[in-house]
Amino acid sequence: MKKQLSFYAAVGCLMLCSCTGGDEPQGGEPKPNPTDTTGTKVEYRDPYLWPFSATSIWNMPIGDKAEYVHAGLERTAVMTVDEDYICMTPTEPLMKVYKSNAGWGSGPGRCEHTGELLCEVPLPKSWEISPDTWDGGTPNAGLAVLMPDGRTIKQLQPFAHCDPASDEATAMFVFGDEDIYGEGRLGAHGGSGLSAIGGALRVHELTPTSGPIRHVLKINLWGAKNLYYDAETRGYRWPADRADGYAAEPGNGYGRKRSTPPVKECRMGALLALPPSVNIDELGLVTEPAKTIARALQDYGAYVVDDTAWDVNAFVTEWSPEGRFKDEFKKNWGFDFATNDATDWGQDLIKIFAQLHVVVNNTESTPGGGGNPRQPLAPPFAVKF
């Protein structure tokens, strides 16, 4: 295995100018300022920080043929985070992951083994994922971990590692493997079947110096108010391969806490975006991170990947052994990412969500709606493992 780039090598790994070409791994590491045969500076990307192919749903910009329908999301006063557990440490010793049936209900907690060995994955023992470290409740807790071959991503949910002295952890479900250099569509967001790494806001992103976000995002909505269900659609659309098992049920099923049905196009897996007709400079956004988020939502959009199950919206963010996005955000900006309508940041997010539309012709054959993309495709990978 060739030398791996460090987790925080985002800026050092990515060069100044774009180039065209395929996204298969390139042999070796780039020189400090690589150039092509014409002398043009070439940009590369670290697969640990910016995974999946340029044509992956997580990297595809919205096209100029995109068609939009207003999502009609109901206003909520609260924004929170849903943390994806992302671990890119393929050389760590293997940790045994046992079945826990705790799930999202009552009974034995997630820390307790209740079944067989599910798999073994390379994780640092010091990384504690437990009721003492997560922020209350029963989080979605999807894990994406890079395996020793340097390219297979294994995904589990809900994951817990409660004892930092132990090489044993728990989960309830194991999902199909994905290739870090491949399309990466599916994974451990159980409400949609979509990836637990693609689309997450990473630790190195949305800082005062990180520049624009250059990939699709992920959001969770309260399904009981904002997601549509009928027997024909079963509450989801491509690229999701499912909706929550309770989507059709009375009470907390999709659309059940709303006097008029949600927009039919707004289902699990919907690509939400700000259409080109929305002038971001005229939205009255006060905070810089909100302006960056808005531009990403116009250029790339965000997939609906899970149900918040209460009256909040959520962006999906990274929690890795190196840090948590929400902690880095607070250090960089001086306020919490999770917020309410009493803050400028909260008011900015309310303005953005009020303008979100569904890209109705986002399909497998026309990802992002098709046509000319609003932004260049992702550059080639910097290294080959």
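The charged end of Arg-110 is placed over the ring of Trp-134, at 5.5 Å from the ring centre, and the charged end of Lys-218 is likewise over the ring of Trp-58, at 5.6 Å from its centre. A charge is taken to sit over a ring if NZ of Lys or CZ of Arg is within 6 Å of the ring centre and within 35 degrees of the ring normal.

These values come from a predicted model, in which local features need pLDDT of at least 70 and side-chain atom pairs count only at pLDDT 80 or more, while totals for chains, interfaces and linings use all residues. Residues are numbered from 1 along each chain as its sequence is written, and side-chain values use heavy atoms, with hydrogens and water left out.

A cavity is a set of points on a 1 Å grid over the protein atoms alone where a 1.4 Å probe fits but cannot get out, whereas a pocket is an open set with protein on both sides within 12 Å along at least five of seven lines; lining residues have an atom within 4 Å of a point. Volumes are the space filled by probe spheres set on the points, which are joined across faces, edges and corners. The structure holds one cavity of 30 Å³ or more.

The two spaces can be set side by side, with lining residues classed as nonpolar (Ala, Val, Leu, Ile, Met, Phe, Trp, Tyr, Cys and Pro), charged (Asp, Glu, Lys and Arg) or polar (the others, Gly among them).

| Space | Volume | Lining residues by class |
|---|---|---|
| Largest pocket | about 800 Å³ | 14 nonpolar, eleven polar, seven charged |
| Largest cavity | about 80 Å³ | seven nonpolar, four polar, one charged |

The largest pocket is lined by 32 residues, and Trp-104, Thr-138, Pro-139, Asn-140 and Asp-307 are the ones that lie nearest its centre. Two or more lining residues come from each of strand 2 (78-87), strand 13 (302-307) and strand 14 (313-320), and strand 2 gives the largest share, with five residues. Strands (E, at least two residues) and helices (H or I, at least four) are DSSP runs, numbered from the N terminus.

Aromatic pairs are a further feature. Rings of Phe, Tyr and Trp (its six-membered ring) pair if their centres lie within 6.5 Å, and planes under 30 degrees apart count as stacked, over 60 as edge-to-face and the rest as tilted. By this rule there are 13 aromatic pairs. One of them joins Phe-329 and Phe-335, whose centres are 5.5 Å apart and whose planes meet at 80°, so the pair is edge-to-face. Phe-329 also pairs with Trp-345 in a tilted arrangement, with 5.3 Å from centre to centre and 35° between the planes. Because Phe-329 lies in helix 4 (residues 325-333) and Trp-345 in helix 5 (residues 344-354), this pair ties together parts that are 16 residues apart in sequence. Both Phe-329 and Trp-345 are buried, where buried means under 20% relative accessible area, exposed over 50% and partly exposed in between (1.4 Å probe, protein chains only). Phe-335, at 26%, is partly exposed. Ring pairs link a cluster that includes Phe-315, Phe-325, Phe-337 and Phe-353.

Helix 3 is mostly covered, with nine of its twelve residues buried, among them Ile-293 and Leu-297.
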